[in-house]
Amino acid sequence: MSFRQKLLLLFAFTVLLCVVVISASVWSTMRSSFEGANEERANAIAAQFRSEFQRRGDEVVRKVEAAAATENVQRMALEVNRGASDSGSDVGEARNLAEQQHLDFLELVDHQGIILSSSQWQAKFGYPEPAIPAAIGSAGGFLKREELPNGSTLGLFAVRAVRIGEQPLYVIGGERLDQGFLSTLDIPTGTRVLLYQNLDEKWNAKSLLDLNGPAAGANKIAPLVEHVRRSGEETRDIIHWTADSADAESFDAIPLNGPNQHLLGVLLVGSSRRPLVELQKKVVSTALLVGGSGILVAVAASLWFAARVTRPVGSLAEAARRVAVGDLAAKVDIDSNDELGELASAFNRMTEDLVQQKERTLQAERVAAWRELGRRLAHELKNPLFPLQVTVENLVRAKEKSPQMFEEVFHEGTTTLLAEINNLKTIVGRFSEFAKMPQPQRKPTQVNEVVDSVLRVFQAQLQQKNQVKLRTELETDLPEIYADPDLLHRVLSNLVLNAIDAMPQGGEITVRTRSVPAAVELSVSDTGSGLTPEECERLFTPYYTTKQHGTGLGLAIVQSVVSDHGGKISVESAKDRGTTLRIELPRNEFPMQRHGDTAGRTGTL
Amino acid sequence: MMQAAPNALAIPPNEAPTEYWDSARILALLTDNLVEIDAADRPQPALASAWQSEMNGKRWQFTLRHGAKFHDGSAASAAAVAKILGELHSGWIVRGAGDSLTIESDSPMPSLLAELALPRNAILKRNPDGILIGTGPFRVAEFQPGRLLKLAANEESWAGRPFVDGIEIDLGRSLRDQAIAFELGKTDVIEAPPQAASNGGRLRTSLPVELMALVFPANSRAQDVRLRDALALAINRKPIQSGLLRGAGEPTAAILPNWMTGYSAVFPVQADVTRARTVLADSRQPALTLSYDPRDPQAQLIADRIALNAREAGITVQVSLSGTADFSLVRIVLPSPDPATSLREAARELGVPQPLIHGNAVDDLYAAERALLDGHTIIPLFHLPVGSAAGARAHAWEPARTGDWNIPDVWLEAP
């Protein structure tokens, strides 16, 4: 992965992280704000209903006061004080009053809390009204559970005392708190009101009423009601009716307590979350659009910025690559005063130093090479020269001391001289050949074919040396490479020849070819005595040889050819386990191989 | 003009008290019984002027009033009367010869006179048009079923011509409509609740001649006698009497009123909820359904109150008119001042076995009544009077203490 890609990824990740963090923060803030707004709205609605309750309670109070002010009630109050009121003598009075005042419930109760007349349960006269003690102090409306012949119900009640004399007569009246009551409430748009009549010990779905009677889906609201029943506190929750969150409703469950704080009902004010959810969706989609656009813009800016940042780095890298392949003339042209500018200046100074260093090195190497050449030449030439000198001296001595044997000595001497001169010519020819190493003439080459042609040449020689066996392991689908087949032929011949020389006592030569990433590998292994690490290290040094009669140029030539092809050569050897010489020849396209050529010439192996 | 509310003239009258009284009072205008029983349980001559019993009450001989005629002019002879009674009572052997009528039975008939005084034994026949023909002081002049009955004075009545020339009876009117008409002066005589007061009118109440009671049918879920006993103990009758009956009537635990027997106080009426709970002794009892007569304006409230009382004792009672009732709130007429006859009639109306009255002594009567009440399949609640009122221009308005009216004796001031 390039530096630019890494930088781009870093920028992109940073931008994404920022967008995510900001989005999460915005989402959290927005959600909090929305929930806050929703809560305020629910509070407002709940307050409105409390106010409505208060108003309805006040209405009941007015009606009860009106009933208390009637002549008949005043008369009954007087009779109560006189002790003239007989239990049940005015049984029907409450019903008449209730009808007059449009009240669902009305009872006339004496000072002992005994019902004198009941509109809702006429037969109940003479029985005690249990709510009286707690309700006496109520100035406004209050909730009360009302027992009826067919069961119980809830009512919004008020009580007023009519005092004529010492013993008051209580008028306690109310309105039924059921779906009919709910239908008379002023309900804001988007909200609805449910009433749970807490008349049973356990949750009863039928006690949850809406405007039309028992509410549908009551069991989904059961946990909320149960919570209020347990805690007695106002509770808020969201009820999800379907999988669509827009169908959910936010319910504010308001406990409705009687005068003794006993929970008599739960008023559930529900408001649809659809507007909120739709607004949230709109905000989220807008945020996603803006965020996405921001990310795209940020990525584009990152691309531009990364390109701007990495361009000098790229120039540096390119220059470094050129330097790496030997082009010490590579310069970095960065006109900036920042760290990159300093880096470029340092790089340029470094290349200049390298050029100078290289020149010095080359000069030293040339000197060393000439010295080595001189040494080798002296060494090579010294051997033939000594016999020449001895032969000539023998000829002279024979001429002077034994003329009769001169002919014979002359004949032997000239033969020796010719032989040594030929030897000298051979030595000179080899040096000439090394000096005249040709440039590779590349073309698509199948390495296996080269191997086959080489091995055919050696096949006859090896058949004479029965002790050396030749084995091949050639990959069948070996890709072609751009190479000079003649030079490769020479390289492989050298390697095979070396392998044969390494096994004077016989052994096995294995030639292998195979594909490796971006290259073709050619290796030649022998089962000879192997090389020491020092020998391996100096193996490719020109004129270095481990053989008694070698010139030390064979592997140098091999290395030169491999280098010219942009490949590399390595040696692997272990004492008494043989040696393997391994060559990797790149499969690069031709233009890339130009680099290889350059590298090969400059000896970067 | 007279107001009454029978839908039709039924003989014998329907079980509902209102219809009983309507029919009984109309029949009293149209015809006669052989005898009548006064409030002191004394037999009085009617169509029969004399009687005597023989064979230990198995044979009764009556002497019919001479010259009595039906409205169609035919003589109310012993043979004609015997034919009518014979058709009514297949178990009797009724013979008529001259002015003498004999009734025989296999068993003694100590209460035959009271039986013969019941409205259902009125001497009555129908003409081919179905019009009732009797021997009474009035005859049918016009009859529009369910709407109007016009009676005209019977000039040839054996008791003498009544003072008024005729009577118009509006049929099918409720008590409330009657009261309104009475207040507007559109009628002279009405039925009235015994506790009602009418402006300018004269309210007359009878002796308690009706019984309000709870009756458990044989298929009731209240099979456990403890449940019925507890329910009887739980009912507080006094507030019902004072509140719902507006003070009319008498709380009772007996079938027959005290004025008939003198011993009704023996049956205690005090409620005892604690004892009722003890009787139940935490036994699991079924919820009961109580029905009532929807035609009775007070019945529903009284039933509600009984349910309320029962709840105090731990008995669940649902007041309902639908479905099969486990017990019913009923009101029946005790039609005869003769206690034995009324007891039998009450048993018949309440659907319980006839009492076995072994003699004429009070003890025998008490034992029979006690036997009826044992097991609490009948829980008597109240003995109720009946009321009636006559307008200011009606004179000599003195209804009998048994609830019967004396219309033939009434005379009207000219308007």
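This briefing walks through selected features of a two-chain model, topic by topic. It is a predicted model, in which local features need pLDDT of at least 70 and side-chain atom pairs count only at pLDDT 80 or more, while totals for chains, interfaces and linings use all residues. Residues are numbered from 1 along each chain as its sequence is written, and chains are lettered from A, with ligands numbered from 1, in the order in which they are written.

**Chain B overall**

- Chain B holds 11 helices and 23 strands; helices (H or I, at least four residues) and strands (E, at least two) are DSSP runs, numbered from the N terminus.
- Of its 415 residues, 49% count as buried. Here a residue is buried if 20 or more other C-beta atoms lie within 10 Å of its own, exposed if 12 or fewer, and partly exposed in between, with C-beta atoms placed from the backbone.
- Taking contacts in chain B between residues at least 6 apart in sequence, 65% join residues at least 24 apart. A contact requires two C-beta atoms, placed from the backbone, to lie within 7 Å.

**Where the chains meet**

- Chain A brings 13 residues to the contact and chain B brings 10 residues.
- On the side of chain B that touches chain A, helix H6 (237–244) and helix H9 (299–312) of chain B each supply at least two residues.
- H9(B) gives the largest share of that side, with 5 residues.
- By class, the side of chain B that touches chain A has 6 nonpolar, 2 polar and 2 charged residues. Ala, Val, Leu, Ile, Met, Phe, Trp, Tyr, Cys and Pro count as nonpolar, Asp, Glu, Lys and Arg as charged, and the others, Gly among them, as polar.

- Helix H5 (residues 225–234) of chain B is mostly covered, with 7 of its 10 residues buried; among them are Leu227(B), Arg228(B) and Leu231(B).
- Packing against the buried residues of H5(B) are helix H8 (273–280), H9 and strand E20 (378–384) of chain B.
- Helix H10 (residues 339–350) of chain B reaches 16 Å from its first C-alpha to its last, close to the 16 Å expected for its 12 residues at 1.5 Å a residue. The expected span is 1.5 Å times one less than the number of residues.
- In H10(B), 9 of the 12 residues are buried, including Pro339(B), Glu345(B) and Glu349(B).
- The cover over the buried residues of H10(B) includes helix H3 (112–116), strand E15 (210–215) and helix H11 (362–373) of chain B.
- Gly351(B) follows H10(B) and has a positive phi, near 75°.
- Thr187(B) sits in the loop between helix H4 (175–183) and strand E13 (189–192) of chain B. Thr187(B) counts as buried because it has 25 C-beta neighbours inside 10 Å.
- Thr187(B) and Glu168(B) are 19 residues apart in sequence, and their C-alpha atoms are 9.4 Å apart in space.

**The six-stranded sheet of chain A**

- An open sheet of 6 strands in chain A runs in the order E8-E7-E6-E11-E10-E9, with antiparallel pairing. Two strands pair if DSSP finds at least two bridges between them.
- The edge strands, each pairing on one side only, are E8 (213–214) and E9 (235–239) of chain A.
- Strand E7 (residues 208–210) of chain A joins E8(A) through 2 antiparallel bridges, and Leu209(A) stands opposite Pro214(A).
- Helix H1 (residues 3–68) of chain A packs on the sheet, touching E6, E9, E10 and E11 of chain A, and its direction makes about 135° with that of E11(A). Axes are lines fitted to C-alpha atoms, for helices over the stretch in contact, and angles run from 0 to 180 degrees between N-to-C directions.
- Helix H6 (residues 218–231) of chain A also packs on the sheet, its direction making about 165° with that of E9(A).
- Strand E11 (residues 263–272) of chain A has 8 of its 10 residues buried, so it is largely enclosed by the rest of the structure.
- E11(A) is joined by 7 antiparallel bridges to strand E6 (residues 191–197) of chain A, where Val193(A) stands opposite Val269(A).
- Strand E10 (residues 249–257) of chain A pairs with E11(A) over 9 bridges, in the antiparallel sense, and Asn257(A) stands opposite Leu263(A).
- E10(A) and E11(A) form a hairpin with 5 residues between them, and Gln261(A) in the turn has a positive phi of about 65°.
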